[in-house]
Amino acid sequence: MVSRLISKKELLKLTGISYGQLYRWKRKKMIPEEWFIKKSSYTGQETYFPEDKVLLRIQKIKELKDQLSLDDIAKMFTKRNDVILKITEIEEQELLRRESIELYHSLYPNEETLTIPALLSLRIFEDLMQSGQVTWDEGKQMVALVKESVTVGDHQYLILLRKFGVGIWFITSAEEKILIDPEARKIVEIDLQEMVDKIRAE
Amino acid sequence: MEEKGFIHDDSTNLNVGDASQVHINGSGQITGDVRGKSIQINGTGKITGSVESETFHISGTSKVLGSVRTNSLVCHGYSTINGGLVGEEVKVTGVIQVGKSSKIKQLSLHGHAKFEEDLEAHTLYAPGILSVQGNFRGHQLQSFGSLQVQKDCEVEEFKSRGVLKINGLLNAETIEIMPYTNSKIQEIGGQNIKIQYPNDYLFQTMIKKFFDWSGILEVDVIEGEEIYLECTKAKIVRGNRITIGRNCQIESVEYKDSLEILENAHVDNQQKMND
């Protein structure tokens, strides 16, 4: 799914924000670097943005900026994928059960560290195994998906659909509405943002 | 640990580990990492590991093959660090070269510094020469010499008198630039942007009198809210309230509230933007 691009000029016109605000929010990393897409034009380069994402983000910032300081808002949006935990640290702090760490070892034998999405995936795995909603294989597929595809800081949901016994995992952004085949059943729906906040609180 | 390791003259390798004070007077080499309270090199010193100490003083020539983490680094001589430099207070009056990404709280630079990767410095006071091959991030930047950034430069307060070369975006809340000689920035964005002729005493009396020469700042795009320009050559200037002053050559101006074009300014196209 490729989102449409919007030029910087159009964006400012549409949202009513100023250049000063846009550059300030960029400095605070409230609008991620990757959304500033350079394309060559007669001035050398022009900047474009993924339309849906940037409009939503600016709307959110505008809603929040009267209640919170810029730094607080920035913290909410900052991506924390780069936080890396050593497996030994996780064992010491008992953040995960031993079975989960063993599973991770068997899936990724060469890795001695965990990223936040990886930790998140194992924590979800534990919860799901305990509730007995999903099979072991489905759980393993989920770990691979969440570890590779989740971006901490984006509000995302994890969903498992099952039809005739075949399960498929989805990750979708909170704003997206998905329409489901009436014969399929939604087995799991997890707010990933909430889980991340919970983990971070520990 | 109250251990003192003094290395004089041509001593060979020494494994120090945790010592509270390490001095190299003359020339010496330390193999491995050094951890201590104070590390001093007077003369020539080489450390093949990393350095972790409260203070690190160099007044000769030093080479660290690992990284350096210290509260206070003072470099009067010539120093190379192959790894990164993490420090609270770093003062350079000599020459320093750092290989990997670095993070410094207060950097004061009277000499010459070259960072091969990114540099994050909360405050930078630089009447010297600074070259950063990656991105520069910080809070307050004051350059009175030469500043070269290969990628983007993002700070809250940017002040420069001297020579500038930024190959990416200069993004700051307030930007004040006085170009002494020809300077170049690819893109400028921020709230208040002011580029003007040097008006300080030194420039007026010395450089201008004897050389009759001042610089032009060349930029592709300038975007801000309050923009005042002199001696600037730009393709596009966009903003709310814009003043174009003497010796400017602007291809196109897009403004929202007001545009003032002063004497000796040249603007090819101007356009008022409506909401």
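This is a predicted model: local features need pLDDT of at least 70, side-chain atom pairs count only at pLDDT 80 or more; totals for chains, interfaces and linings use all residues.
**View 1. The interface between chain B and chain A.**
Here 28 residues of chain B are in contact with 20 residues of chain A, and the two chains bury about 1,900 Å² between them, with 40% of that area on carbon and sulfur atoms. The polar side of the interface comprises 15 residue pairs in polar contact, both residues being at pLDDT 80 or more, and the count of salt bridges between chain B and chain A is 9. On the side of chain B that touches chain A, the elements giving two or more residues are β18, β19 (183–195), β20 (217–229) and β21 (232–244) of chain B. Of these, β19(B) gives the most, with 6 residues.

**View 2. Glu33(A) and its two salt-bridge partners.**
Side chains of opposite charge can pair when their charged atoms come close. Glu33(A) forms a salt bridge with Arg137(B), in which the closest N and O atoms are 3.9 Å apart. Glu33(A) lies in the loop between α2 (19–27) and β2 (37–41) of chain A, whereas Arg137(B) lies in strand β15 (residues 136–143) of chain B, so the pair joins two chains. Glu33(A) also forms a salt bridge with Lys26(A), and there the closest N and O atoms are 3.3 Å apart. The burial of these two chain A residues can be stated separately: Lys26(A), at 5% relative accessibility, counts as buried, while Glu33(A), at 37% relative accessibility, counts as partly exposed.

Arg162(A) forms a salt bridge with Glu138(A), the closest N and O atoms being 2.8 Å apart. Because Arg162(A) lies in strand β6 (residues 156–163) of chain A and Glu138(A) in helix α8 (residues 136–149) of chain A, the pair ties together parts that are 24 residues apart in sequence. Both Arg162(A) and Glu138(A) are buried. Elsewhere, a network of salt bridges links Lys8(A), Lys9(A), Glu46(A), Glu223(B), Arg238(B) and Glu254(B). Over all chains, the structure holds 24 salt bridges.

Chain B has 1 helix and 23 strands, and buried residues make up 50% of its 275 residues. Among contacts in chain B between residues at least 6 apart in sequence, 9% join residues at least 24 apart. The largest nonpolar core has 62 residues, and those with the most contacts inside this core are Leu130(B), Phe136(B), Phe158(B), Ile177(B), Ile188(B) and Ile222(B). Strand β18 (residues 157–179) of chain B supplies the largest share of this core, 7 residues. When neighbours within four places in sequence are left aside, Ile177(B) is in contact with Phe158(B), Ser160(B), Leu164(B), Leu170(B), Ile185(B), Ile188(B), Lys194(B), Ile195(B), Gln196(B) and Leu217(B).

**View 3. The buried side of helix α4 in chain A.**
In helix α4 (residues 70–77) of chain A, the residues Ile73(A), Ala74(A) and Phe77(A) are buried. They cover an arc of only 105° around the axis, which puts them on the same side of α4(A). The buried residues of α4(A) pack against α3 (51–64) of chain A.

**View 4. Two residues of chain A with positive phi.**
Most residues other than glycine have a negative phi. Lys29(A), although not a glycine, has a positive phi of about 65°; this residue lies in the loop between α2 and β2 of chain A and is partly exposed, with a relative accessible area of 39%. Phe164(A), likewise not a glycine, has a positive phi of about 50°. Phe164(A) lies in the loop between β6 and β7 (166–173) of chain A, and at 73% relative accessibility it counts as exposed.

Methods. Residues are numbered from 1 along each chain as its sequence is written. Chains are lettered from A and ligands numbered from 1 in the order in which they are written. Side-chain values use heavy atoms; hydrogens and water are left out. Buried means under 20% relative accessible area, exposed over 50%, partly exposed in between (1.4 Å probe, protein chains only). Helices (H or I, at least four residues) and strands (E, at least two) are DSSP runs, numbered from the N terminus. The arc is that of the directions from the helix axis to the C-beta atoms. Contact means heavy atoms within 4.5 Å. A nonpolar core is a set of buried Ala, Val, Leu, Ile, Met, Phe, Trp, Tyr and Cys residues joined through side-chain atoms within 4.5 Å. A salt bridge is a side-chain nitrogen of Lys or Arg within 4 Å of a carboxyl oxygen of Asp or Glu. Buried area is the accessible area (1.4 Å probe) that two parts lose on being put together, summed over both. A polar contact is a pair of N or O atoms within 3.5 Å; within protein, one must be able to donate a hydrogen and the other to accept it, and residues adjacent in sequence count only if both atoms are side-chain atoms.
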